[in-house]
Amino acid sequence: MSGRHAAPDPMPLIDADVHNAFADARTELRPFLPRLWQEFADRHGIAVPPAGYVSPVGVQREDARPPSGGIAGSDPDHMIKDHLDRYGVDYAVLTGSHILGVSTHFDPDWGSALAAAYNMNLAVRWLDRSPRFRGSIIINHSDPDAAVREIERCAADRRFVQVLMGAGSNRLFGQRFYHPIYEAASAHGLPVAIHPGTEGAGTADTPTPAGRPTRYFEWHNIVPINAMAHVNSLVCEGVFEKFPGLKFVAIECGIAWLPHLMWRMDKNYKGLRSQVPWLKRLPSEYIREHVRVTTQPTEEPANPKHLLQIFEMIGAPQMILFSSDYPHWDFDSPGIALPGVPADWKERILWLNAAELYGLSPVTSGR
Amino acid sequence: MKRHAVAKEGEIPQGGRKIVSVGRLELGIFNVGGEIRAYRNACPHAGAPVCLGRLSGTSLPSRVYEYIFGKEGFILRCPWHGWEFDLRTGEHVVDSRVRLKSVAVEPGKSEDLEGLPMEQSGGTLYVLLPE
């Protein structure tokens, strides 16, 4: 099946996970680094700690390489042609490449300097290029004070539609250590998103609490465990009671685990609520109201109806955002994604949920 | 309705309880702050002998990271799964639509009550059950 050549769908489309990349990290970031960190970058280069898992496919799609020869996702013009125009994407929410590891540097000041430089470069290299590109404010979550300063600096530029941090960490995201980040984000009406890839990198704990997966395949299978742990923590620590306007987006972390987590949390709440007296509702109600998940990589049960049954169990069509993960190897084409999903759900998933979450209106001309 | 004697008045001290059998039913008779309450000894959740659970207080609804302990002596926590019930109303703390099965209890004229300590004086407590 060739979704690549499908005519653009008449329905608006917002892609919640598109990976822009550096053509050259040092050239792009150096102008935005303080002098001391320029010197550091000149001597040691710019890199974030790797998680250490390598895919036999490669992460970047071979066919998405720009004519310039750089890595896939590194050329804004090529991305517009190869992805946005091809599929009729009204908005692409950019989530970066080789940058989320800023939260796992041993030196948090280097991590924070890189995060700020990334955001400044994003604004001029990508957001200035097309209004269809929307940015994520990358933060270093290991230093909440610096993260808050970065949110404050970027929030006035409304082309940034969310705060984004790597999902790898050495403590759970509901804990009060992180609350200043949520306070700043919700003060500016910005959702906070996480994206996998840094689990096990640098200062982050192992990708699973039971140990390190051996290979990329095994690692990629179990990535959602991390999102489950963070969502559980956010609810239990009362983050959504403390910041009732906050939305939390778990990008690329799967969907089908939600019913299990919701049921387990609700059941336990009925007996163990005295430990979390600040929760006023069933845990699943906080999840439905405050948490968003993205479609890619769509779970593909042998019987596609089973995925629809999972959606029904979640019972919250507003929770799910379409994402393609362009230009990565496990890309979901908008043309063939969501088989059998009812039309009203499809409209929510393909654009309405993201439009509401990010305050975007569909682009009606130029595609 | 039929009256069944279950305890002497004054037999159950404040904060105390007595488990009794009436026919095939098991009941918990509680003195909740001076008020006598009787409930079926079967949890509405999963049928556990709820009346054997721990009596205590609980953390009251609060702001995040704030702890307010209250309802002391009014909370019965089921020994299976830990659901908390407010003995004054029988309501589950999480979902007030879920309640312990309440049984009407009333005092009556004193009469001999087999199995009760004879030194207890005063009237008798009866539960009212369908015949």
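Q: Which residue of β6(B) does B:Thr58 stand opposite?

A: This is a predicted model. In it, B:Thr58 has B:Gly70 of β6(B) opposite.

Q: How many bridges join strand β5 of chain B to strand β6 of chain B, and in which sense do the strands run?

A: Strand β5 (residues 54–59) and strand β6 (residues 69–77), both in chain B, are joined by 5 bridges and run antiparallel.

Q: What does β6(B) pair with in strand β7 of chain B?

A: Strand β7 covers residues 84–86 of chain B, and 3 bridges connect β6(B) to this strand, again in the antiparallel sense. One position to look up is B:Arg77, whose bridge partner in β7(B) is B:Glu84.

Q: Which residue in the hairpin of β6(B) and β7(B) takes a positive phi?

A: That residue is B:His81, with a phi near 70°. The hairpin has 6 residues between its strands.

Q: What is the order of the strands in the open sheet of chain B?

A: The sheet has 4 strands in the order β5-β6-β7-β8, with antiparallel pairing. At its edges stand β5 and β8 (91–92) of chain B; each has a single partner strand, so one side of each lacks a neighbour in the sheet.

Q: How many residues of chain B are in contact with chain A?

A: A contact is judged by C-beta atoms lying within 7 Å. By that test, 15 residues of chain B meet 13 residues of chain A. The chain B side of this contact consists of 8 nonpolar, 5 polar and 2 charged residues.

Q: Is strand β1 of chain A enclosed or open?

A: Burial is read from the count of other C-beta atoms within 10 Å, and 20 or more makes a residue buried. In strand β1 (residues 14–18) of chain A, 5 of the 5 residues are buried, so the strand is largely enclosed by the rest of the structure.

Q: In which sense do β1(A) and strand β2 of chain A pair?

A: They pair in the parallel sense, over 3 bridges, with strand β2 covering residues 91–94 of chain A. Within this pair, A:Ile14 stands opposite A:Tyr91 of β2(A).

Q: Where does A:Asp266 lie, and what does A:Asp266 touch?

A: A:Asp266 is part of helix α10 (residues 258–272) of chain A. With 16 other C-beta atoms within 10 Å, A:Asp266 is partly exposed. Leaving out residues up to four places away in sequence, A:Asp266 touches A:Leu282, A:Pro283 and A:Ser284. A:Glu285 is 19 residues from A:Asp266 along the chain, and their C-alpha atoms are separated by 9.1 Å.

Definitions and conventions:
Residues are numbered from 1 along each chain as its sequence is written. Chains are lettered from A and ligands numbered from 1 in the order in which they are written. This is a predicted model: local features need pLDDT of at least 70, side-chain atom pairs count only at pLDDT 80 or more; totals for chains, interfaces and linings use all residues. Two strands pair if DSSP finds at least two bridges between them. Helices (H or I, at least four residues) and strands (E, at least two) are DSSP runs, numbered from the N terminus. Two residues are in contact if their C-beta atoms, placed from the backbone, lie within 7 Å. Ala, Val, Leu, Ile, Met, Phe, Trp, Tyr, Cys and Pro count as nonpolar, Asp, Glu, Lys and Arg as charged, and the others, Gly among them, as polar. A residue is buried if 20 or more other C-beta atoms lie within 10 Å of its own, exposed if 12 or fewer, and partly exposed in between; C-beta atoms are placed from the backbone.
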